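Visitor: I would like a quick tour of this model. Please give cut-offs as you go.

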Amino acid sequence: MSDKPKVAFYWCASCGGCEETVVDLEEKILDVVKAIDIVFWPCAMDPKYSDLEAMDDGEIAISFINGAIRTSEQEHISKLLRKKSGVVIAFGSCAVMGGIPALANLKNKKDIFKRSYRDSPTNVNPEGVLPQTETDLDGCRLSLPEFYDTVYKLDDVIEVDYYMPGCPPTPANLETAVQAALKGELPEKGAVLLPDKSLCVSCDRNETKPDDITISRIRRLTEVQADPEECFLAQGIICMGPATRDGCEYPCVKGNMPCTGCFGPVSDADQGARMIASIGGIIDADDEGEVRDAVSAMPDPAGTFYRYSLSSSLLGKKREER
């Protein structure tokens, strides 16, 4: 039996991009697997839940769990991994803050099922059948996980030791975390494994940011030819850099796309509230009508300011079933 530290990866409600981060280690993954024994990774291996259940408690050194908690299966396996693991890392923005799946908390299960299975123009469902947790078919009972009314971040259902936001985290973030764990150099429990400063601090466009920005109107990226060197906010384009944690090396900005905030807030901050305050401080308007005109090009404020952080935000959840 291998005496290398055992590591697990698990995928809850997410797009799968966090799994790509592991693959994107490229040849470095060979160094990683020399040092660790990956014992549970449903995306790339074929383990059974019974294999996980058969492990001793705490047998897995580190579990990286990505994705939000949307179903009873995701909650069950997360709790099982918690029991079997010494360290659990919430891996990616969906696990840390709810991520894009958490925007579904602006609706409820009934509305989502109605749209997905009855009203969508591509559906053919004349009997209006909806998913059931138990169904009898040809003498057999079939079961599906329960779809929750609320999207939860991981630490709503289990204790989390460390947090690594990002949509997805970068391969460098992952490699650093694994190496720190192997060397016993992880920080104090509960830490976010990234710098506690805003993206603007390291962004090289920060030098073009005026000390006193004033804009008369927010512009959508499709309305203008964005200057590839100038601060987006100075151009009137929403960039979440002032309210977003550093650590991604800002590939979006380098590609002339503004930051959308996937690394979440710095410590003790509400990302959306901080960004709304930043925007409020630079809009040149004297009355409510001018403010309304200035922000008219922003049709989805919740999706703009809380794209990745709704489950952990002051705005919170529209409804909660737990």
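Guide: Buried means under 20% relative accessible area, exposed over 50%, and partly exposed in between (1.4 Å probe, protein chains only). This is a predicted model: local features need pLDDT of at least 70, side-chain atom pairs count only at pLDDT 80 or more, and totals for chains, interfaces and linings use all residues. Residues are numbered from 1 along each chain as its sequence is written, and side-chain values use heavy atoms, with hydrogens and water left out.

Visitor: Is C203 buried or exposed?
Guide: The cut-off for buried is under 20% relative accessible area. C203 has 13% relative accessibility, so C203 counts as buried.

Visitor: How many disulfides are there?
Guide: A disulfide is a pair of cysteine sulfur atoms within 2.5 Å. By this rule the count is zero. For C203, the nearest cysteine sulfur is that of C200, 6.5 Å away. For C248, which is buried at 16% relative accessible area, the nearest is that of C262, at 6.2 Å. The disulfide count is zero.

Visitor: How are F9 and W41 arranged as an aromatic pair?
Guide: Rings of Phe, Tyr and Trp (its six-membered ring) pair if their centres lie within 6.5 Å; planes under 30 degrees apart count as stacked, over 60 as edge-to-face and the rest as tilted. The model has seven aromatic pairs. F9 and W41 have centres 5.4 Å apart and planes at 45°. Their arrangement is tilted.

Visitor: Which elements hold F9 and W41?
Guide: Helices (H or I, at least four residues) and strands (E, at least two) are DSSP runs, numbered from the N terminus. The two residues are 32 apart in the chain, and both are buried. F9 is in strand 1 (residues 6-11), and W41 is in the loop between strand 2 (37-40) and helix 3 (49-54).

Visitor: What kind of aromatic pair do F113 and Y117 form?
Guide: They are four residues apart in helix 6 (residues 109-119), so about one helical turn separates them. F113 is buried at 9% relative accessibility, whereas Y117 is partly exposed at 35%. Their centres are 5.5 Å apart with 80° between the planes, and the pair is edge-to-face.

Visitor: Why do the buried residues of helix 7 line one face?
Guide: Helix 7 (residues 171-182) has N173, L174, A177, V178 and A180 buried. The arc is taken from the directions from the helix axis to the C-beta atoms. Seen down the axis of helix 7, the buried residues line one face because they fall within an arc of 165°.

Visitor: What do the buried residues of helix 7 pack against?
Guide: Contact means heavy atoms within 4.5 Å. The partners are helix 1 (17-23), helix 2 (28-35), strand 3 (60-66), strand 5 (85-91) and strand 9 (162-164).

Visitor: Which residues is T71 in contact with, leaving aside neighbours within four places in sequence?
Guide: T71 is found in strand 4 (residues 69-71). T71 is buried, with a relative accessible area of 13%. With those neighbours left aside, its contacts are P145, E146 and Y148.

Visitor: What separates the C-alpha atoms of L199 and G241?
Guide: L199 lies in helix 8 (residues 199-202) and is buried at 2% relative accessible area. Beyond four places in sequence, its contacts include G241, T244 and C248. L199 and G241 are 42 residues apart along the chain, yet their C-alpha atoms are separated by 5.0 Å.

Conventions:
Expected span 1.5 Å × (residues − 1).
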